[in-house]
Amino acid sequence: MTTTLISGGTVVSPTGRQLIDVLIDGEKIVALLSPGAATFGVDLAAGVDRVVDATGKYVVPGGVDAHTHMEMPFGGTTASDSFETGTRAAALGGTTTIVDFAVQTPGQRLQDTMAAWHEKASGNCAVDYGFHQIIGDVDDDALSAMGELISEGVSSFKLFMAYPGVYYSTDGQILRAMQEASRTGALMMMHAENGIAIDELVKQHIARGETSPYFHGASRPWQLEEEATHRAIMLAEVTGAPLYVVHVSAKQALEQIAWARGRGQNVFGETCPQYLYLSLEEQLGAPGFEGAKWVCSTPLRSRAEGHQDELWKFIRTGDVAGVATDHCPFCMKGQKELGLDDFSKIPNGIGGVEHRMDLMYQGVADGRITLERWVEVCSTTPARMFGMYPRKGIIAPGADADVVIYDPRGHTSIGVGRTHNMNMDYSAWEGYEIDGAVDTVLSRGAVIASRGEYLGVKRHGRFVKRGLSQNLI
């Protein structure tokens with residue numbers, strides 16, 4: 001096995017930072033050592049196979065992106081990133097573990113959809129991966145299958161309060177699934193928007209000839225996200241199920257989550273970089289059809305209403321548990337163009353798995369969050385939330401050697417032809433400048449990226465069999 005010493009860097013955890021060396025043996029971290037320390041009189045640097053100099057840089061656990069959609073069918077097309085291209089981009093951006101979603105549609109067995117996603121990912125991933133299960137057809141068979149999937153390392157299940165006729169679950173179905181989650185210890189994930197009301201608003205906008213991408217956001221007002229979030233919280237309280245609300249974009253929805261948490265409920269919020277930086281006015285309201293690049297659900301919110309600043313605040317307070325990407329990319333040509341004359345036909349999704357660590361580090365550079373909170377929301381809490389800690393999400397003896405060396409003196413320019421390796425014909429982050437850069441990325445001890453060069457192989461990534469959430473009260 002290869003031995004590696006990462007020397008001279010500052011190791012950052014959710015609880016602090018320390019100038020310390022990291023010793024790796026094969027795929028595992030085996031020791032944290034005082035800089036330049038000798039063991040039994042032996043110079044470690046001389047005795048290892050590889051020394052990585054991290055002087056002046058941060059040494060952080062590899063990113064855990066707990067919300068991706070590789071090869072996901074949606075809106076008459078399929079997400080443009082395969083597991084191969086998407087995880088390669090993730091590796092270059094400092095993410096060493098993803099948790100993707102197996103999708104059940106009515107008439108399918110949960111076990112069959114999970115098997116299909118295993119087939120898509122196996123042997124094709126540059127980084128380690130796990131799965132959540134989307135339940136699109138809540139019935140007796142699906143509910144009985146939840147326990148079986150938990151035993152196979154899939155311990156989180158997602159429901160939709162949006163998309164009637166596609167993934168939508170009624171309140172009664174949600175109640176039944178939450179009762180099963182409460183019984184088994186599974187974590188229930190929720191897309192919280194009032195899909196019935198949204199569909200009516202969509203019809204009204206189109207009838208008035210309001211068909212541009214801007215009206216994707218206008219037809220999904222924050223009130224319908226807040227209402228659905230509150231309803232999900234109440235159903236979770238009735239059943240005793242833990243609840244994780246995905247891609248929260250509205251400050252009012254996060255206020256509901258903060259309220260529930262203040263009452264001692266096991267409710268957690270996730271947000272994404274697009275809701276922290278982008279807006280309804282600037283992106284969805286771009287001239288012509290350009291706004292289609294940023295069509296996603298939940299939608300981008302108004303900057304004038306202050307959603308972005310409030311979401312940063314909720315990250316600082318801890319009411320946002322983790323920051324994921326909801327990576328679901330589509331090309332403009334041939335995919336987003338499906339909605340050229342009707343915003344409701346634009347495939348929903350933004351690509352960002354490559355840029356999450358950088359975009360969130362910019363929050364550190366701007367003084368919005370601390371280094372420790374950066375590590376916490378990008379790595380440690382997602383690993384704990386989804387049953388992978390302490391194997392993932394921490395620099396500690398016994399953990400997988402998933403390590404990112406991050407250079408605070410570096411600079412990253414995002415855009416097509418620069419740092420953009422996702423399988424898309426545009427970048428949702430074109431022109432963004434980051435005051436820092438991913439220097440070196442190790443996955444289970446193997447160097448898979450260095451200074452923007454991909455050094456990994458698609459067969460490197462392994463399935464992570466997850467346990468139950470470790471983040472519950």
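How many of the 10 residues of helix 2 (residues 83-92) are buried? The count is 8, so helix 2 is largely enclosed by the rest of the structure. Buried stands for under 20% relative accessible area, exposed for over 50% and partly exposed for values in between, with a 1.4 Å probe and protein chains only.

This is a predicted model, in which local features need pLDDT of at least 70 and side-chain atom pairs count only at pLDDT 80 or more, while totals for chains, interfaces and linings use all residues. Residues are numbered from 1 along each chain as its sequence is written, and side-chain values use heavy atoms, without hydrogens and water.

**Helix 2 and strand 13**

Helices (H or I, at least four residues) and strands (E, at least two) are DSSP runs numbered from the N terminus. The buried residues of helix 2 are F83, T85, G86, T87, A89, A90, A91 and L92. They pack against strand 13, helix 3, strand 14, strand 23, strand 24 and strand 25; contact means heavy atoms within 4.5 Å. G94, with a positive phi near 90 degrees, follows helix 2. Strand 13 (residues 95-103) contains T96, which is buried with a relative accessible area of 0%. Beyond its neighbours within four places in sequence, T96 contacts G62, G63, V127, D128, D402, V441 and L442.

An open sheet of 7 strands has the order 3-2-9-20-23-24-25 with mixed pairing; strands pair if DSSP finds at least two bridges between them. Strand 3 and strand 25 are at the edges with a single partner strand each, so one side of each has no neighbour in the sheet.

| Element | Residues |
|---|---|
| Strand 3 | 16-19 |
| Strand 23 | 437-443 |
| Strand 24 | 446-450 |
| Strand 25 | 453-454 |

Strands 23 and 24 run antiparallel and are joined by 4 bridges. S443 has A446 of strand 24 as its bridge partner.

**Cores**

A nonpolar core is a set of buried Ala, Val, Leu, Ile, Met, Phe, Trp, Tyr and Cys residues joined through side-chain atoms within 4.5 Å. The largest has 135 residues, of which M178, M190, L243, I315, M360 and W374 touch the most other members. Helix 14 (residues 371-385) gives the largest share of this core, 7 residues. A second, separate core of 16 residues includes V11, A399, A401 and L442.
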